[in-house]
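Colleague: I'd like to learn how to read a model like this one feature by feature. Could we go through it together, general idea before the case at hand?

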Amino acid sequence: MNFNALTEHDVAVKRLAELGNGTRLAIIRYLVNEGPEGVPVGQVQKALGVPPSTLSHHIARLMSAGLLRQERNSRTLYCHAEVSAIDALASYIRSACLCAETA
């Protein structure tokens, strides 16, 4: 997804839609809690009990929203939460709510 062509609102809508799925939210929560070094895909699958093909689908959706990235190290594929994107989303929500309160 080309985030440069979208407004901040459009990006927030896309990211919130993806996080509205319980499995995708669980994946992000798990990755954030595990830290910035990332987690092998197999470990995510085992920890959450998600079938591999289902996990692959959810990871692709999170990547398309800019909430997750993958990195290969030798033969292992690591998942990393894009904490800066999550922080930006939280900041957008806070600012949108504050603007609504002052209106």
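Colleague: Which residues of α1 are buried?

Modeller: Start with the terms: buried means under 20% relative accessible area, exposed over 50%, and partly exposed in between, with a 1.4 Å probe and protein chains only. Helices (H or I, at least four residues) and strands (E, at least two) are DSSP runs, numbered from the N terminus. In α1, the buried residues are Val11, Ala12, Arg15, Glu18 and Leu19. They cover an arc of only 130 degrees around the axis, so they sit on the same side of α1; the arc is that of the directions from the helix axis to the C-beta atoms.

Colleague: Before we go on, what am I looking at?

Modeller: This is a predicted model, where local features need pLDDT of at least 70 and side-chain atom pairs count only at pLDDT 80 or more, while totals for chains, interfaces and linings use all residues. Residues are numbered from 1 along each chain as its sequence is written, and side-chain values use heavy atoms, with hydrogens and water left out.

Colleague: How many helices and strands are there in the protein chain?

Modeller: The protein chain has five helices and three strands, in the order α-α-β-α-α-β-β-α from the N terminus on. Its C-alpha trace spans about 50 × 25 × 25 Å along the principal axes, and 27% of the 103 residues count as buried. The UniProt record, an unreviewed entry, annotates residues 14-95 as "domain: HTH arsR-type"; positions are in the numbering used here, feature names are shortened, and annotations may be inferred rather than shown by experiment. Over residues 14-95 the chain is 65% helix and 17% strand.

Colleague: What happens at the ends of α2?

Modeller: At the N-terminal end, Asn21 is the cap, with a side-chain oxygen 2.9 Å from the backbone nitrogen of Thr23. Just after α2, Gly35 takes a positive phi of about 105 degrees.

Colleague: There's a positive phi at Ser74 too. Where does Ser74 lie?

Modeller: In the loop between β2 (68-73) and β3. Ser74 has a positive phi of about 60 degrees although it is not a glycine, and at 64% relative accessibility Ser74 counts as exposed.

Colleague: Now those charged residues. Is Glu18 buried or exposed?

Modeller: Glu18 is at 2% relative accessibility, so it counts as buried. Contact means heavy atoms within 4.5 Å. Leaving out residues up to four places away in sequence, Glu18 touches Arg24, Arg61, Leu62 and Ala65.

Colleague: What does the side chain of Arg24 make a polar contact with?

Modeller: A polar contact is a pair of N or O atoms within 3.5 Å; within protein, one must be able to donate a hydrogen and the other to accept it, and residues adjacent in sequence count only if both atoms are side-chain atoms. The side chain of Arg24 makes one with the side chain of His58, at 2.9 Å. Arg24 is at 6% relative accessibility, so it counts as buried.

Colleague: Which residues have the most contacts inside the largest nonpolar core?

Modeller: In soluble globular proteins, nonpolar side chains tend to be buried together. A nonpolar core is a set of buried Ala, Val, Leu, Ile, Met, Phe, Trp, Tyr and Cys residues joined through side-chain atoms within 4.5 Å. The largest one here has 20 residues, and Leu31, Leu62, Leu67 and Leu68 have the most contacts inside it. The elements giving two or more residues to this core are α1 (8-19), α2 (22-34), α4 (52-64), β3 (76-81) and α5 (83-102). The largest share, four residues, comes from α2.
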